[in-house]
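Here are my notes for anyone opening this structure for the first time. Have a look at the model, then work through the points in order.

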Amino acid sequence: MNSSEKSRKKRIIILGAAAIAALVIIAAGRGGLKANSAAKLFGIGQTTMLPAGDGKEIVAIIDGENITQKGFDTYKLFLNSNGENKLSDKQVLDKIIERQVICNQAVEEGMTASESEIDSAVRSARETMKSDSKTYAAFKEYVAGLNLTEDSYWESVRPVYKKALTCGKYKNSLKAKFREDNKGKAISDLNAEFSKYYDGKVKALVKNAKVESLLK
């Protein structure tokens with residue numbers, strides 16, 4: 001693995017940890033993180049404060065799952081820390097909806113991630129996080145901002161790893177079948193066509209989902 005690949009991997013782990021924490025808050029409706037810690041971890045030049053309040057208000061219901069204000073705000077902070085184009089509240093909610101319906105479909109089709117797969121993913125993330133001292137220091141500050149110990153943090157994110165791995169299984173299953181049905185095509189063409197096919201699948205799932213938005 002060359003230096004650029006290593007740097008990319010570390011960045012993915014950092015942002016992945018932040019996203020996981022955000023998703024945990026979305027699912028569990030926990031309190032917010034310290035703004036300064038969030039700013040350092042996300043690489044935000046100027047601290048972005050989360051709205052005041054306990055954040056337990058429900059802003060959306062997706063197929064029966066409640067999305068809290070605090071969880072929504074935290075995930076929005078994470079998403080808008082990457083790239084120049086800031087996402088609107090509707091765009092953030094759309095991304096949350098997509099993730100949820102994909103996971104629901106995977107579970108319905110019997111593709112839930114196993115405990116051993118979750119163990120492996122968490123262990124790999126922890127080891128990678130500790131492999132760089134600066135990354136690890138930022139991560140520890142971030143976890144402290146959530147008022148959690150490292151062990152309790154990694155335990156708390158297991159459900160989110162489960163969801164992420166489950167969604168991945170669904171996509172990989174679709175891709176395997178798509179390739180089987182389109183043998184003989186060039187890989188480049190196949191990947192482009194699958195991307196369109198998968199997007200269509202997700203849109204269909206979203207269209208059939210029961211979503212109630214309470215965003216103001």
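1. A quick word on burial before anything else: a residue counts as buried under 20% relative accessible area, as exposed over 50%, and as partly exposed in between, using a 1.4 Å probe and protein chains only. E180, for one, is partly exposed, with a relative accessible area of 48%. Across the 216 residues of the protein, 39% count as buried.

2. Some ground rules. This is a predicted model, in which local features need pLDDT of at least 70 and side-chain atom pairs count only at pLDDT 80 or more, while totals for chains, interfaces and linings use all residues. Residues are numbered from 1 along each chain as its sequence is written, and side-chain values use heavy atoms, with hydrogens and water left out.

3. The overall layout: the protein has nine helices and three strands. These are DSSP runs numbered from the N terminus, with helices being H or I of at least four residues and strands E of at least two. Along the sequence the pattern reads α-α-β-β-α-α-α-α-α-α-α-β.

4. I'd start with helix α5, which covers residues 115–130. Its 16 residues reach 23 Å from first C-alpha to last, close to the 22 Å expected at 1.5 Å a residue. That expected span is 1.5 Å times one less than the number of residues. Which residues of α5 are buried? They are I118, A121, V122, A125, T128 and M129. These cover an arc of only 130° around the axis, which puts them on the same side of α5; the arc is that of the directions from the helix axis to the C-beta atoms. On the face turned away from this buried side, α5 carries the exposed residues S116 and E127.

5. Now see how α5 meets helix α8 (residues 158–181): their axes come within 10 Å and cross at roughly 110°. That makes α5 roughly perpendicular to α8. Axes here are lines fitted to C-alpha atoms, for helices over the stretch in contact, and angles run from 0 to 180 degrees between N-to-C directions. Angles of 65 to 115 degrees count as roughly perpendicular, under 35 as roughly parallel, over 145 as roughly antiparallel and the rest as oblique.

6. On to salt bridges, meaning a side-chain nitrogen of Lys or Arg within 4 Å of a carboxyl oxygen of Asp or Glu. How many does a search of the whole structure find? It finds nine salt bridges. One of them pairs D151 with R126, with the closest N and O atoms 3.1 Å apart. D151 lies in helix α7 (residues 150–156) and R126 in helix α5, so the pair ties together parts that are 25 residues apart in sequence. D151 is exposed at 53% relative accessibility, whereas R126 is partly exposed at 22%.

7. Other charged pairs are worth a click. K183 bridges to E180 at 3.0 Å between the closest N and O atoms, and K183 is exposed at 62% relative accessibility. For K185 and E193, the closest N and O atoms are 2.8 Å apart; K185 is partly exposed at 38%, and so is E193 at 32%. There is also a salt-bridge network linking E115, D119 and R158.

8. Helix α9 (residues 187–208) has 22 residues, which should span 32 Å at 1.5 Å a residue; its end C-alpha atoms are 31 Å apart, which agrees. Its buried residues are L190, F194, Y198, V202 and L205. Seen down the axis of α9, they fall within an arc of 100°, so they line one face of the helix. On the other side of α9, S188, K196, K203 and K207 are exposed.

9. Helix α6 (residues 133–145) has 13 residues and reaches 18 Å between its first and last C-alpha, close to the 18 Å expected. Buried in α6 are T135, Y136, F139, Y142, V143 and G145. After α6 comes N147, whose phi is positive, near 60°.

10. S213 is partly exposed at 43% relative accessibility.
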